[in-house]
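Biologist: Could you walk me through this model, starting wherever you like?

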Amino acid sequence: DDQERQEVWSTIEDALLNDHIDQFRAEFLELHPYDQARIFEGLDVDVRMQIYTYLSPEEVADVMEHIDYEEIEPFFTEMDPRFAAQVFAEMSTDDAVDILNELEKDKVASFLTIMDDEAAQEIKDLLHYEEKTAGSIMTTEFVVVKATMSIRQAMVHLRTEAPDAETIYYTYVIDEDKKLVGVISLRDLIISEEDWMIADVMNERVVSVSVGEDQEEVARMVRDYDFLALPVVDFQDHLLGIITVDDIMDVMEEEASDDYSKLAAISDVDSPDENAFA
Ligand code: ATP
Ligand code: MG
């Protein structure tokens, strides 16, 4: 809780004040990014500025993913713009897009200009999807293999993709036209013989959602099918992204509070105004 965090911070703060970078890094990075974010929120700007110089963009990205996006603008404003752009590039694309959606348009444009082309393009593509659709909550860091690969080849590929993938629990199978044709879970991969083919082991009845699908419907499907992630496809069945269950939990919270606001609005209208008949 807060007090515990405060105590932990006072030991880490010493390292920071004495410019002991290695010690600061060792102690700060041992904390979960959620706790790092809570500490971050309570610090003075100049302390945070010092911390940005001690952490990599990737490490700061982990912290930012746990800040309330509606409160996040000051953090990206106080950062060096180049550094901020690198932080965005290191984030999961879905989180980067959610955050950029909270910032002013010209600020977003300036970050995208600094970012390297590939990272910027992926984010630009995602910014186009309409709010509250599958496309707006999906991420593009998924793992794919071809049906013609052996289990051994697939495992080698998975190992190289794993560090940047949103989840490695499901590997999706695509054909030459990049169409989604199958899925295989990590459990299934691990228990298969190395010389078996993906085509023989994969599940061909893939449940997917269309990129324009309403996020509430996506949440319902994740709940009903019990998958940890769902693939998102376009009208030709090309795999565009995945939506993981942790993002669905955010959607459910958002939709619940939307419904609550609607209810509150309705009861406002319905409750007779005492003075109306006076
Ligand atoms: P099980 O629980 O059956 O032992 P598992 O633990 O390996 O399987 P689960 O997450 O429970 O994995 O998924 C169950 C099965 O559903 C796996 O075989 C997986 O390949 C498959 N699967 C995953 N995603 C999809 C999808 N989008 N459409 C269809 N099948 C899927
Ligand atoms: Mg299971």
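Modeller: Let me start with D226, which is found in the loop between α15 (215-225) and β5, where helices are DSSP runs of H or I with at least four residues and strands are E runs of at least two, numbered from the N terminus. Please keep in mind that this is a predicted model, where local features need pLDDT of at least 70 and side-chain atom pairs count only at pLDDT 80 or more, while totals for chains, interfaces and linings use all residues. Residues are numbered from 1 along each chain as its sequence is written, chains are lettered from A and ligands numbered from 1 in the order in which they are written, and side-chain values use heavy atoms, with hydrogens and water left out.

Biologist: OK, and what is the phi of D226?

Modeller: The phi of D226 is near 65°, which is a positive value in a residue other than glycine.

Biologist: And what about D19, what's its phi?

Modeller: D19 is not a glycine either, and its phi is positive, at about 60°.

Biologist: Where is D19 found?

Modeller: D19 belongs to the loop that runs between α1 (2-17) and α2 (21-28).

Biologist: Switching topic: how many residues surround ligand 1?

Modeller: There are 13 residues around ligand 1, and the closest of them are Y170, S185, R187, D188 and V207; a residue is counted if one of its heavy atoms lies within 4 Å of the ligand.

Biologist: Which element gives the most to that shell?

Modeller: That is β3, which gives three residues to the shell around ligand 1, and both β3 and α13 (186-191) supply at least two residues each.

Biologist: What classes do the shell residues divide into?

Modeller: The shell around ligand 1 has eight nonpolar, two polar and three charged residues, where Ala, Val, Leu, Ile, Met, Phe, Trp, Tyr, Cys and Pro count as nonpolar, Asp, Glu, Lys and Arg as charged, and the others, Gly among them, as polar.

Biologist: How much of ligand 1 does the protein bury?

Modeller: The protein buries 72% of the 600 Å² that ligand 1 exposes when taken alone, with areas from the Shrake-Rupley method and a 1.4 Å probe.

Biologist: And what does D188 do there, in terms of distance?

Modeller: A polar atom in the side chain of D188 is 2.9 Å from an oxygen atom of ligand 1, and an N or O atom in the side chain of Y169 is 3.1 Å from an oxygen atom of ligand 1.

Technical notes: Polar contact = N/O pair within 3.5 Å; in protein donor to acceptor, adjacent residues only side chain to side chain.
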